[in-house]
Amino acid sequence: MKQAISQSSVQDNSQLTLPEKYELLKGSLRALKRVLVAFSGGVDSALLLRVAVDELGSQNVLAVTADSETYPARELEDAKRLAADMGVPHRLVSTSELAVPGYAANDRNRCYFCRHNLFEYLIPIQQQGGYDHIVYGLITDDLGDFRPGIRAAIEKGVKGPLQEAFMSKDDVRELSRMLALPTWDKPALACLSSRIAFGEVITREKLLMVDNAEEFIRGLGVTQVRVRTHGDVARIEVEPDDIALVVGQRESISRKLRELGYKYVTLDLAGYRSGSMNPGLS
């Protein structure tokens with residue numbers, strides 16, 4: 001089955017029920033026999049790992065998590081807990097996207113460099129462990145956005161079984177809920193670099209600033225937040241229902257983010273949306 005499919009193909013299969021998609025996913029994973037799962041601990045990779053373990057047995061599955069400067073520390077602990085709860089072998093690898101040529105420049109191909117680098121780490125582990133394939137949490141929603149990382153996966157032969165089963169983000173959350181996965185309603189996860197405007201050089205200091213800013217806002221009771229960084233301007237995105245909360249805490253948020261290094265602190269009235277930096281690309 002092809003690694004990536006067109007939007008028209010996704011639409012042609014939009015009438016499939018979730019149980020039918022689930023069966024496709026299970027069959028796809030059984031055909032792969034032994035797999036290494038690129039496991040971030042997010043909603044998509046958690047479901048992929050769970051179904052892989054259910055269908056193949058934990059002895060035929062390895063979860064690998066890349067720990068880097070773009071990966072929030074709290075997510076690493078969540079990934080460790082999830083893998084342990086599933087009883088699956090879990091390996092951590094230390095990586096550094098900032099050391100990858102081209103990545104820190106933060107042009108339109110940033111995600112390509114990131115994925116390419118990740119798969120370069122995973123392929124030797126796959127080969128040494130005798131795993132037949134590497135799989136990752138690609139879903140159909142990803143096909144409608146600018147995702148150069150998909151190209152790296154295709155080049156390296158990495159498979160996306162969720163997407164091959166025509167699963168959307170809503171499908172993944174609903175199936176995760178049915179399987180009692182704690183990640184079913186977890187906020188969307190993305191690397192910290194996605195908060196920094198394209199063309200602005202990525203540094204460890206900026207990533208830490210973003211992470212600390214988002215951690216502070218989450219501590220106020222906000223579940224989903226992005227602090228998009230445009231030079232010295234912070235553009236805060238939250239779900240529409242949390243906008244009033246942020247406005248009510250505007251003084252403490254502004255003070256904290258200025259302490260972290262931002263000069264201007266703004267609230268995006270359109271609310272949180274995935275890929276909101278992409279319209280800035282030519």
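How are H2 and H8 oriented to each other? The two helices pack at an angle of about 85 degrees, and H2 and H8 are therefore roughly perpendicular to each other. The model discussed here is predicted.

**Packing of H2 and H8**

- Helix H2 spans residues 18–32 and helix H8 spans residues 169–178, and their axes lie 11 Å apart.
- On the H2 side, the residues that meet H8 are Leu 18, Lys 21 and Tyr 22.
- Their partners in H8 are Asp 171, Glu 174, Leu 175 and Met 178.
- Classified by residue type, the contact of H2 with H8 comprises four nonpolar and three charged residues, with no polar ones.

**Nonpolar cores**

- The largest nonpolar core has 35 residues, of which Phe 39, Leu 47, Leu 49, Val 61 and Met 167 touch the most other members.
- At least two residues of this core come from each of H2, strand S1 (35–38), helix H3 (43–56), strand S2 (61–67), helix H4 (73–86) and H8.
- H3 supplies nine residues, the largest share of this core.
- Another core, of 22 residues, lies apart from the largest one, and Ile 196, Ala 213, Val 227 and Ile 253 are among its members.

**Helix H3 and Leu 47**

- Eleven of the 14 residues of H3 are buried, so the helix is largely enclosed by the rest of the structure.
- The buried residues of H3 include Val 43, Asp 44 and Ser 45 towards one part of the list, as well as Leu 47, Leu 49, Val 53 and Leu 56.
- From its first C-alpha to its last, H3 reaches 20 Å, close to the 20 Å expected at 1.5 Å a residue.
- Just after H3, Gly 57 adopts a positive phi of about 85 degrees.
- Leu 47, which is buried in H3, is in contact with Leu 162, Met 167, Val 172, Leu 175, Ser 176, Leu 179 and Leu 181, leaving aside its neighbours within four places in sequence.
- One of these contacts, Leu 175, is also among the H8 residues that meet H2.

**Ser 28**

- Ser 28 is located in helix H2.
- Its relative accessibility is 15%, and Ser 28 therefore counts as buried, since buried means under 20% relative accessible area.
- Not counting residues up to four places away in sequence, Ser 28 touches Pro 161 and Glu 164.

Terms used. Residues numbered from 1 in each chain as written. Predicted model: local features only at pLDDT ≥ 70, side-chain atom pairs only at ≥ 80, totals over all residues. Heavy atoms only, no water. Axes fitted to C-alpha atoms, helices over the stretch in contact; angles between N-to-C directions. Helix = DSSP H or I, 4+ residues; strand = E, 2+ residues; numbered from the N terminus. Parallel < 35°, antiparallel > 145°, perpendicular 65-115°, else oblique. Contact = heavy atoms within 4.5 Å. Nonpolar A, V, L, I, M, F, W, Y, C, P; charged D, E, K, R; others polar. Core = buried A, V, L, I, M, F, W, Y, C linked by side-chain atoms within 4.5 Å. Buried < 20%, exposed > 50% of the residue type's maximum accessible area, 1.4 Å probe, protein only. Expected span 1.5 Å × (residues − 1).
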